[in-house]
Amino acid sequence: RPLLQLSSLPLCFPFILRERLWLGLSLGTVLLSALLTLAQAGLFSQFATLLVRLNEHKTTLLAVAPHPAPGGFLDKSLHVVQAYRDHGSRAAMEAVIAEESRFFLVFFGGLALLVVVFLNLFNYLKDMSSGYLAVRVATRIRQRLFEHVLTLPSPFFKSHASGDLVARSLSDIQLIQQELCILFELFILAPLMLLAGLALMFTMN
């Protein structure tokens, strides 16, 4: 069965290319899911680091009410971005703590939760579009197989059991449909996440 599924996937590509709308939606949602997954990992990493740093400085930052730094949210954000550009993420984290730690803590946490919401949404759209694409491709294959069977001569049906033909048109195509549902995750999302994750780790350290 696994050999049947893997060897049959290249035969499905012409049928997949005919479904341009659902193919585009599947590819788009896969790419957005990968980007949001990386953003989620980065945000939660920064959020956890910020919590640790605040815990280390709780005697000076949390025990005493911090005096607000001059400037509004935009000025403070620009200061953090400038610190990141000049000296890296560690300096940006120090700037976050020095500015107004509680505000940025809520900001990072809320942004991380917002990314999680959108990630779940795009994962749902990814599963729905890839599943519908698999159903349409399987339908086209069954139709093509049925049309081919109608053109076969009568001696063919004497030498082949009807149950085997039914299994080919039902269970075998069902296996191919199941593989098509995870096709984008296996061949696009997983390698993309591997390369992007390695690049992100080397960028951070």
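Student: What share of the 205 residues in the protein chain is buried?
Tutor: Buried means under 20% relative accessible area, exposed over 50%, partly exposed in between (1.4 Å probe, protein chains only). Here 29% of the 205 residues are buried. This is a predicted model: local features need pLDDT of at least 70, side-chain atom pairs need 80 or more, and totals for chains, interfaces and linings use all residues. Residues are numbered from 1 along each chain as its sequence is written, and side-chain values use heavy atoms, leaving out hydrogens and water.

Student: Where is confidence lowest and highest in the protein chain?
Tutor: pLDDT is the predictor's confidence in each residue, from 0 to 100. The chain mean is 76, with 77% of residues at 70 or more. Helix H3 (residues 58-61) is lowest, at a mean of 51, while helix H6 (residues 154-159) is highest, at 86. Over residues 61-69, pLDDT stays under 50.

Student: How many helices and strands does the protein chain have?
Tutor: Both are DSSP runs, numbered from the N terminus: helices are H or I, at least four residues; strands are E, at least two. The protein chain has eight helices and zero strands.

Student: Where does H7 bend?
Tutor: The bend is the angle between axes fitted to the seven residues ending at a residue and the seven starting there. H7 bends by about 35° at Arg-168. Its buried residues include Asp-172, Ile-173 and Leu-180.

Definitions and conventions
Contact = heavy atoms within 4.5 Å.
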